[in-house]
Amino acid sequence: MKLKARPRYLFVDASTYCQLSCPVCPNGRGTLDDFDIKRGHLRPSDFRELLDANPRIAGVELSNWGEPFMHPNIVELLQDAHERNVKLVLNSNLGLRKEGFMKALVDNGVRKVMCSVDGASQETYEIYRVGGDFDAVIENAAEVNELKKKLGSEYPRMIWKFIVFAHNEHEIPKAKQMAQELGMEFQVALPIETDLSVGKDIECTFSPANDKDQLRREMRFAAMTECEEVIGYDPMPSTCMQLWEQPVVNWNGDILGCCSSQKKIGGNAFVDGLDKAINNSDIRYARAMVLGLKPPREDIGCSDCYIYKEMARSGRWLKPKPPDKLVRSYIDHFGIPPIDRSWSIRAYSYIQGNVVPWSYLIIREKFS
Ligand SMILES: C[S@@+](CC[C@H](N)C(=O)[O-])C[C@H]1O[C@@H](n2cnc3c(N)ncnc32)[C@H](O)[C@@H]1O
Ligand code: SF4
């Protein structure tokens, strides 16, 4: 695998502010300032220039460590992407009610909103989503559903993302039912804890779920350690693939690398230009580290990451996600395959037919 990247997707964090205080999130805990994230909003002019200078970018996840609707000009950012035919995905707690927010999602063809709603009642929801207003979330979801029906639009796909804890596992059936009534898809997820400030690693000790059978019914595994056997690859190291496939740009342009990273790991996309920033010597060294080709270097953020530490401990270095799964997941996310030009059409049709040709691997090599 080449150490340079030429991705079609990015994460760009619209804002690192949040109105909630989720106890296991570095944002909710107030530790974002401990490393390189800091608090701030993406400048719309920086966003526009980034997209204009890199027409190859076809999909952007406009959130990472914060709540995108905290951005004072979020509607402008959605419009800017839409005007440039860049497909957007958002992760949001969906708890901010303001006229025009939900309409902007529909009007600007946002592909998907991952809505973090870990409960089916105010009492349960607010145990993790501290400061959250469950009714506001439901009103927002209902508004999107109404608008989509009125305009005959299938987008945005609204995904009710339910992180399962001991305190909310009994509400999964009710949440599923509500999601269906609101025209939302429903996904459960395991909690993880990634806060470098408190030295925590993958296993989350906050209110761990008890009903393992329910977890296995809902998502086929009840712990990260069971995952590889079930889905055929280990999802945690595949986060490192973002260094190539979907690098994370902080609100101020700093390249963080992957969505787990709280440290600057490349250059600055707004100062150096995207391609230079995501391919400077540090981030290329980081890529070599996660492949096990170079020893850890203390000044490279990956050295502190629980995923890297686990790979180093086990000697099982990053193996790229199987290409069919990679392509499928990105098509599901942005509606666009990860390689451009006519090759993408060929690769897509092969994958539709469940066949992944070797030529596709060679093509990926060429464009990565
Ligand atoms: C840091 S949040 C930022 C986006 C938005 N504020 C939200 O909560 O959806 C990014 C993602 O992390 C998820 N998240 C928060 N706490 C988590 C936890 N303990 N384990 C796993 N994911 C978590 C959120 O649900 C969201 O999907
Ligand atoms: S809503 Fe999202 S960003 Fe805000 S504290 Fe919770 S998980 Fe973190």
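The following dialogue examines how several descriptions of this predicted model follow from its computed geometry.

Reader: Why is H333 called partly exposed?

Author: H333 has 18 other C-beta atoms within 10 Å. A residue counts as buried at 20 or more and as exposed at 12 or fewer, so H333 falls in between and is partly exposed.

Reader: Where is H333 found, and which residues does H333 touch?

Author: H333 is found in helix α15, residues 323-334. Leaving aside residues up to four places away in sequence, H333 touches G59, V89 and K112. The C-alpha atoms of H333 and E61 are separated by 9.2 Å, although the two residues are 272 residues apart along the chain.

Reader: What makes N85 exposed?

Author: N85 has 11 other C-beta atoms within 10 Å. The cut-off for an exposed residue is 12 or fewer, and therefore N85 is exposed. N85 is found in the loop between α3 (74-83) and β3.

Reader: Why is S207 called partly exposed?

Author: The count for S207 is 17 other C-beta atoms within 10 Å. S207 lies in the loop between β6 (185-189) and α8 (212-219).

Reader: What is noted about the phi of N85 and of S207?

Author: Phi of N85 is near 60°, a positive value in a residue other than glycine. Phi of S207 is near 50°, again a positive value in a residue other than glycine. Most residues other than glycine have a negative phi.

Reader: How do you know that the peptide bond from Y155 to P156 is cis?

Author: The omega of the bond from Y155 to P156 is near 0°, and the bond is cis. Most peptide bonds are trans. P156 lies in the loop between α6 (134-151) and β5.

Reader: How do you know that the buried residues of α7 are on the same side of the helix?

Author: In α7, residues 172-181, the buried residues are I172, A175 and A179. They cover an arc of only 60° around the axis, which puts them on the same side of α7. On the other side of α7, P173, Q177, Q180 and E181 are exposed. The cover over the buried residues of α7 includes β5, β6 and α8. After α7 comes G183, whose phi is positive, near 70°.

Reader: Why are the buried residues of α13 said to line one face of the helix?

Author: The buried residues of α13, residues 281-290, are I283, A286, R287, M289 and V290. Seen down the axis of α13, they fall within an arc of 160°, so they line one face of the helix. Their cover includes α10 (242-245), β8 (255-257) and α14 (306-314). G292 follows α13 and has a positive phi, near 75°.

Reader: What makes both faces of strand β1 covered?

Author: In β1, residues 9-12, Y9 and F11 on one side and L10 and V12 on the other are all buried.

Reader: How do you know that β1 pairs with β2 and with β7?

Author: Pairing requires at least two bridges between the strands. β1 and β2, residues 59-61, have three bridges in the parallel sense, so they pair. β1 and β7, residues 248-249, have two bridges, also in the parallel sense, and therefore they pair. Within these pairings, L10 stands opposite V60 in β2, and the bridge partner of F11 in β7 is V248.

Reader: Which residues touch the most other members of the largest nonpolar core?

Author: Of its 86 residues, V12, V60, L88 and V290 touch the most other members. Outside its sequence neighbours up to four places away, V12 touches L42, F47, V60, L62 and V249.

Reader: What is the make-up of the shell around each ligand?

Author: Around ligand 2, the shell divides into four nonpolar, six polar and one charged. Among the residues around ligand 2 are C18, C22, C25, E67 and S116. The shell around ligand 1 divides into ten nonpolar, six polar and two charged. Of the 18 residues around ligand 1, V24, E67, N91, S116 and P191 come nearest. The elements that give two or more residues to this shell are β3 (87-92), β4 (112-116) and β5 (157-163).

Note on methods
Residues are numbered from 1 along each chain as its sequence is written. Chains are lettered from A and ligands numbered from 1 in the order in which they are written. This is a predicted model: local features need pLDDT of at least 70, side-chain atom pairs count only at pLDDT 80 or more; totals for chains, interfaces and linings use all residues. Helices (H or I, at least four residues) and strands (E, at least two) are DSSP runs, numbered from the N terminus. The arc is that of the directions from the helix axis to the C-beta atoms. Two residues are in contact if their C-beta atoms, placed from the backbone, lie within 7 Å. A residue is near a molecule or strand if its C-beta atom, placed from the backbone, lies within 6 Å of it. Ala, Val, Leu, Ile, Met, Phe, Trp, Tyr, Cys and Pro count as nonpolar, Asp, Glu, Lys and Arg as charged, and the others, Gly among them, as polar. A nonpolar core is a set of buried Ala, Val, Leu, Ile, Met, Phe, Trp, Tyr and Cys residues joined through C-beta atoms within 7 Å.
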